[in-house]
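Please walk me through this two-chain model.

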Amino acid sequence: MKSLEDLKKMRELALKKVEMREGGKDYRVVVGMATCGIAAGARPVLNKLVEETAEKDYNCVVTQTGCIGMCVYEPIVEVYGKDGSHTTYVHVDADKAVKILEEHVGKGKVVEEYTVDSVRAREV
Amino acid sequence: MIRANVLCCAGTGCTSSRSAEVYDSFVKYIEQYGLKDEINVVKTGCFGLCQKGPIVAVYPDKVFYCHVQPENVERIVSEHLLKGRKVEELELSDEDLQTGEKILDIDKIKFYEKQQRIALRNCGKINPEDINEYIAMRGYEALGTALTSMTPQEVIDVIKASGLRGRGGAGFPTGVKWQFQKDQPGDEKYVICNADEGDPGAFMDRSILEGDPNAIIEGMAIMAYAVGAHQGYIYCRAEYPIAVKRLNIAIGQAKELGLLGKNIFDSGFDFDLEVRLGAGAFVCGEETALIASIEGKRGMPMPKPPFPAVSGVWGKPTSINNVETLANVAQIVLNGAEWYSSIGTETSKGTKVFALGGKIKNTGLVEIPMGTTLREIIYEIGGGCPNNKAFKAVQTGGPSGGCLTEAQLDTPIDYENLVAAGSMMGSGGMIVLDEDNCMVDVARFYLEFIVDESCGKCTPCRVGTKRLLEMLTKITKGEGTLEMLDEMEQLCYEIKDTALCGLGQTAPNPVLSTLKYFRDEYIAHIVDKKCPAGVCKDLLSYSIDPEKCKKCSMCAKACPVGAISGVPGKEPFVIDPEKCIKCGSCLATCRFGAVIRK
């Protein structure tokens, strides 16, 4: 290492390992990973979210939670914004997960067609 | 791809309560549950809340588990890491005093809420054995900036302007010390990190060395550049094996990356660093004795002047700074003098780390801005005395400091205030005493330590402290006289005035401050032949109240010397004062309150 520039490069590489300990991301993407979620296929969704986030460097942390009580709508993904916004997506699969990241986290646009409200409205 | 970090504390406190096994269990179960590629298990330094160890933190969820035992690990892995259900009963929590609600948010927990972590910023956050994690936290950026865009004088000016003062206890302005050394002629100069932490009850330097060794290396390199030194020594006691190991790992990694060695950051500046081990003598924390020890001589102090900045190790100009002082240096260079001097009081800037111990609920390490009051530390952060016992005193500054009472608890902490109150900052040990502590016994304990640790070079310290201890011992045995109090006081001042080094000059402080604030306890020992706290064994007697005795024989079974006799179910039990060793086992065993201690 011979310059501040070299140090900066090293730091960027190293940062990936520790940044989740600092928090401070714009979005928190939460996957329901209770028995019901896992049975309905939440694991591939979680894996996809984690992969995509790492690859495309989305401004969010991906984490998991337990059963939120709507087991019939699993796999459920919730997106919490820093501004206090909260969106619940239901029946999510790997492809939908990619779209949620792209639109919601990437561009700040809620993917209306996957939200719990619109899915339930369609059912009625 | 990694989606969560599990941070296991690997500091000395948690290690002694099996955190190494906890770490191994995490590795095992994470593999077993097929989570190896998504969850990273990391060993970190001290989280500070040693009372609740072993501590495990899970990020990004920011969940802190406390008292984690190896047998809890599978549950955390299968519930939290696999299914996302936090194991709430292991979570660190506080109770909201108004609503009674459980607080789980770590930033709102009382112990952490009032703290501001600068010296401890990376402890419990990074893996101290991986220099990359330190670099990720802006590590070595301050060194790079100093070497490539600042002159040595500019570095010293920043440190001077920041108001940083020595954290080893005396509080000498760090920038001024560096300036003295820089202004000395000659090109062979040295820098030393004083990591010979020896006060009973103090462990903040150890935690920094264990949790963030690179911060010390960077601080020393910046100091060396400022004063014109090319060789540094870290003088650490061999009693700190984890600290020594991590320091050596960190030095090795820094050398590999070219952050130590020749031509650092292509600036032409060379700096090398070596760990020197001490055998753990208290006097070697005194700088001239420390230098003697580094040179391979017997660790004994020399008269000052000459000061080390003029003639130090190998007779060359030397700067010696404490671990905690050095841990602040890189942050000051990075964030500016103004930022640092905005924290703290008029005369004492920045933060101070204290090792909270004794009769306190939250034993551990706390870092607070200067100007915080003792009451805030002891009650709000420390949680007060356990078991509803009454607070009696707080001892700061170790054997060189003194005891402060309830009346001084609202003193804002800084160097001057603590001295004015009759104690001193010291390196940061803070031992809380409650109603069950006898102040005469506390003074005797510290004197005993000093008598053991006095190097014997000067008479006031070698003989004077021994005489003091003899008088104190007599008082605790009920053989003291009131004249002794005056004699002790006079002897204390004589030792203070005539001892050669800081150890001797401050050794009488525990006696003086207890005499000042707790004279009534001394008088109770001398006149009434009683120890009000029930500590001094020679002044105690145990007996059994025949009215309350249920004749159950439990006390007789508990007595280790067979001093209690009686007939179960028939005759009340009696203690034979000749045989009794006053251990208190009978008192602890009796469920009917029949054993009386006087």
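Predicted model: local features only at pLDDT ≥ 70, side-chain atom pairs only at ≥ 80, totals over all residues.

Q: In what order do the elements of chain A run from the N terminus?
A: Helices (H or I, at least four residues) and strands (E, at least two) are DSSP runs, numbered from the N terminus. Chain A has 5 helices and 4 strands. Its C-alpha trace spans about 65 × 30 × 25 Å along the principal axes. From the N terminus on, the order is α-β-α-α-β-β-β-α-α.

Q: What percentage of the residues of chain A count as buried?
A: A residue is buried if 20 or more other C-beta atoms lie within 10 Å of its own, exposed if 12 or fewer, and partly exposed in between; C-beta atoms are placed from the backbone. Chain A has 124 residues. The buried part is 35%.

Q: Why is β2(A) largely enclosed, and which residue of it is the bridge partner of A:Val31?
A: In β2(A), 5 of the 6 residues are buried, so the rest of the structure largely encloses this strand. Two strands pair if DSSP finds at least two bridges between them. Strand β1 (residues 27-32) of chain A and β2(A) pair in the parallel sense, over 6 bridges. The partner of A:Val31 is A:Gln64.

Q: Is A:Asp57 buried or exposed?
A: A:Asp57 sits in the loop between α3 and β2 of chain A. Its C-alpha lies 21 Å from that of A:Val92, 35 residues away in sequence. A:Asp57 has 9 C-beta neighbours inside 10 Å, so it counts as exposed.

Q: At what angle do α3(A) and α4(A) pack?
A: Two residues are in contact if their C-beta atoms, placed from the backbone, lie within 7 Å. Residues of α3(A), including A:Pro44 and A:Leu49, meet A:Ala94, A:Ala97, A:Val98 and A:Leu101 in α4(A). Axes are lines fitted to C-alpha atoms, for helices over the stretch in contact, and angles run from 0 to 180 degrees between N-to-C directions. The axes of α3(A) and α4 (residues 94-107) of chain A are 9 Å apart, and the angle is about 35°.

Q: Which element gives the largest share of the side of chain A that touches chain B?
A: The contact takes 25 residues from chain A and 28 residues from chain B. On the side of chain A, α1 (4-18), α3 (42-56) and β2 (60-65) each give two or more residues. The largest share is 8 residues, and it comes from α1(A).

Q: How far apart are the centres of domain 4 and domain 5 of chain B?
A: Domain bounds come from an automatic or database domain assignment. Chain B is divided into five parts, among them domain 4 (439-526) and domain 5 (541-597). Taken over C-alpha atoms, their centres are separated by 37 Å.

Q: Which strands are the edges of the open sheet of 5 strands in chain B?
A: The order is β9-β10-β8-β7-β11, with mixed pairing. Strands β8 (residues 231-237) and β10 (residues 269-278) of chain B run parallel and are joined by 7 bridges. An edge strand here pairs on one side only; these are β9 (261-264) and β11 (318-322) of chain B.

Q: Which helix packs on this sheet?
A: The helix touches β8, β9 and β10 of chain B. Its direction makes about 165° with that of β10(B). It is α11 (residues 241-256) of chain B.

Q: Is B:Phe265 buried or exposed?
A: B:Phe265 lies in the loop between β9 and β10 of chain B. Its phi is near 50°, a positive value in a residue other than glycine. With 22 C-beta neighbours inside 10 Å, B:Phe265 counts as buried.

Q: What is omega of the peptide bond from B:Pro305 to B:Pro306?
A: B:Pro306 lies in the loop between α12 and β11 of chain B. The bond from B:Lys304 to B:Pro305 is cis, with omega near -5°. The bond from B:Pro305 to B:Pro306 is cis, with omega near 5°.

Note on methods:
Residues numbered from 1 in each chain as written. Chains lettered and ligands numbered in written order.
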